[in-house]
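Could you show me around this structure, one selection at a time? I have the viewer open and would like to know what to click on next and what I will find there.

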Amino acid sequence: MADAKLSPDLFKRVTVDSTEKEKITTPALTFTQDAMRRLRQNKVAIVSLWVIIIIAIVSVMTIFISPANPNKGSLAYTNLPPKIANWNIPGFNGYQDGVDKYAGLGKNVWFALGTDYLGRDLLSRIFVGTRVSLIIALVATLFDLTIGVTYGIISGWLGGRIDTVMQRVIEIVSSVPNLVVAILMLLVFKPGMTSIILAIGLTGWITMARLIRAQTLQLRDQEFILAAKTVGESGGKIALKHLVPNLSSIIIIQTMFTIPMAIFFEAFLSYIGIGLPAPTASLGTLLSDGQKALQTQPYQLIYPAIVIVVLMLAFNLLADGLRDAFDPKSQR
Amino acid sequence: MIKYILKRVGYLILTLFLVASITFFLMKLLPGTPFNNPKLPPDQIEALKAQYGLDKPVWQQYLSYMLGLLHGDMGMSFQFSGQSVSYLIMSRIGPSLQLGLQAMILGTLLGILLGAVAAIRKNTWVDSVATIFAILGRSIPNFVFAALLQFFLAYKLRLFPIALWDGFSSSILPTIALAMAPLANTARFMRTEMVDVLNSDYIELARSKGETRWQTVANHALRNSMIPIVTIIGPMAVDLMVGSLVVENVFAIPGIGEQFVKSITTNDYPVIMGLTIMYSFMLTVVILIVDILYGVIDPRIRLNEEAN
């Protein structure tokens, strides 16, 4: 063994500062920050978020720059297949069943995604349609959120007889398939964007109201609410200042699930012919028009279909990601 | 239990009564009558109105409609003269029920399979593939899916009849199109439940007694995770009803969904009313059966009901 001499001056005393021991090295995270951190680790959700942002930006930007007038076509250009400049890309070269449909139209005439039965540029219509569908979905979701949250909080907070009556109402409303309710409402109102938003908003709030009520019932008896009551805060103030923040994760998650539902509803209503009146484009009207021409001009259905599927996929995946982020206990 | 069922049936009747009343008055709010064709002379319009009972005051119309409903009389169709709404519905409900049931069975079975496999192979590529299937199922609008199935499998590849209702082979594509939503929902639900069950103590016990992984799945996990699936039968029924509206339309199937859409475009109000009540009736009955069934399958639920 080594017999090196160890002199005391080789050693240094390490003092432990008791105040240092308790020091927190990383900043404390609030609930939202924590959730955001978890969300950022979820690659699928982040990609979906970007896809949504890009689609939204493109659909807004095309208000100012659009390849063609989406509502005005020329009968000389009806049902032209996709063609991009004079590049010879299969599927985008203007040929359909081996025939050049652009023959005799001049060299500079081309439509990236083709035209519809009235000669309108499909790409421009998809831009407008996406914008319209997104607006309808967002406004309807906001509407349905407001009703659902208010209803749920009132029902859960007041409890007792009022709660029972309000729950019966929900039971009755939910016993009619909500698309049937929406259809009935659209028959009564004049067809148009406002009535679609109303119809979707007025039928979609039930799930939200149920979730909010259940959570409110749980929160109602907790200490911080009791404390707020003791210091004499009014019911409305407690609801806004103490309940809503605690309900925020449910609200965010449910809202994200409602948006794709609303996009689907709009498409569905337009598809069965009671949605937006012509010539307004929405994803639903485009799909409806496209389906009629499916056997001869499949691209008229396929491109709007791709847009709506990507959009709904992105919203659904983002919603899943948000749920995992805000509610880590529910391991799906 | 019997008291509970009676109470629920009472609510069911109340619900249907309200639905019928609301639908009736909504329809009365609609502007004009289906007969305001300017070519018709006024006396003929009067005669038509009298034939359909539209000349009486609204409360009398309401009363006679409600009394009629009690014995299944839903009035006469505007579009098909001389045909009663109940006859129209009854003659068209067969294909819709068949498609709905087939889609439910197909969707649930495949969904359980997909969800179970995803849960057993949690966090592997199998899980990812199953999840992608389930999310795609939620994200593709059913009418787009139906139209694409029709285009590729029936029109291009000629594997199935394109449309119409002619034997079992023509029900295959619509069934697949309809089954997508139940499949996605069941798979998702099943995965969650199964993951929970597989983490529970009794599975551990079974494993420690020497059962293999697959034995525990077959003997314990599958059954216990399938119980809560019963609760999503209600939402599933909604999906199927809504889906039937468009899927039947795409494949030109003579069912009630196709009739509903047709009646909307032709403003055939009595048929719209009749079908709305019919849809609500089917939905409430399904939900009632599910609730009762759930109490039978899982006695813990029933105990809770009685404790309240």
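Start by selecting residues 132-157 of chain A: the end C-alpha atoms of this span lie 37 Å apart, and the span is 100% helix and 0% strand. Helices here (H or I, at least four residues) and strands (E, at least two) are DSSP runs, numbered from the N terminus. The model in your viewer is predicted, so local features need pLDDT of at least 70 and side-chain atom pairs count only at pLDDT 80 or more, while totals for chains, interfaces and linings use all residues. Residues are numbered from 1 along each chain as its sequence is written, and chains are lettered from A and ligands numbered from 1 in the order in which they are written.

Why pick that span? An unreviewed UniProt entry lists residues 132-157 of chain A as "transmembrane region", along with 44-65, 169-189, 195-212, 250-274 and 301-322. UniProt positions are given in the numbering used here, feature names are shortened, and annotations may be inferred rather than shown by experiment.

Now widen the selection to helix 4 (residues 122-158) of chain A. Its 37 residues reach 53 Å from first C-alpha to last, close to the 54 Å expected at 1.5 Å a residue (the expected span is 1.5 Å times one less than the number of residues).

Then select helix 6 (residues 178-188) of chain A: 8 of its 11 residues are buried, so it is largely enclosed by the rest of the structure. A residue is buried if 20 or more other C-beta atoms lie within 10 Å of its own, exposed if 12 or fewer, and partly exposed in between, with C-beta atoms placed from the backbone. Among the buried residues of helix 6 of chain A are A:Leu179, A:Val180 and A:Ile183. The buried residues of this helix pack against helix 7 and helix 9 of chain A, together with helix 1, helix 10, helix 11 and helix 12 of chain B.

That brings us to the interface. Colour the two chains separately: 32 residues of chain A are in contact with 34 residues of chain B, where contact requires C-beta atoms, placed from the backbone, to lie within 7 Å. Helix 11 of chain A gives the most to the side of chain A that touches chain B, with 8 residues.

Move over to chain B, which has 13 helices and 0 strands. Its C-alpha trace spans about 85 × 60 × 30 Å along its principal axes, and buried residues make up 38% of its 308 residues.

For a last stop, select A:Ile308 and B:Ala146, the residues with the most contacts inside the largest nonpolar core, which has 142 residues. Such a core is a set of buried Ala, Val, Leu, Ile, Met, Phe, Trp, Tyr and Cys residues joined through C-beta atoms within 7 Å. Around B:Ala146, look for its contacts with B:Ala177, B:Val246, B:Val247, B:Val250 and B:Phe251, not counting residues up to four places away in sequence.
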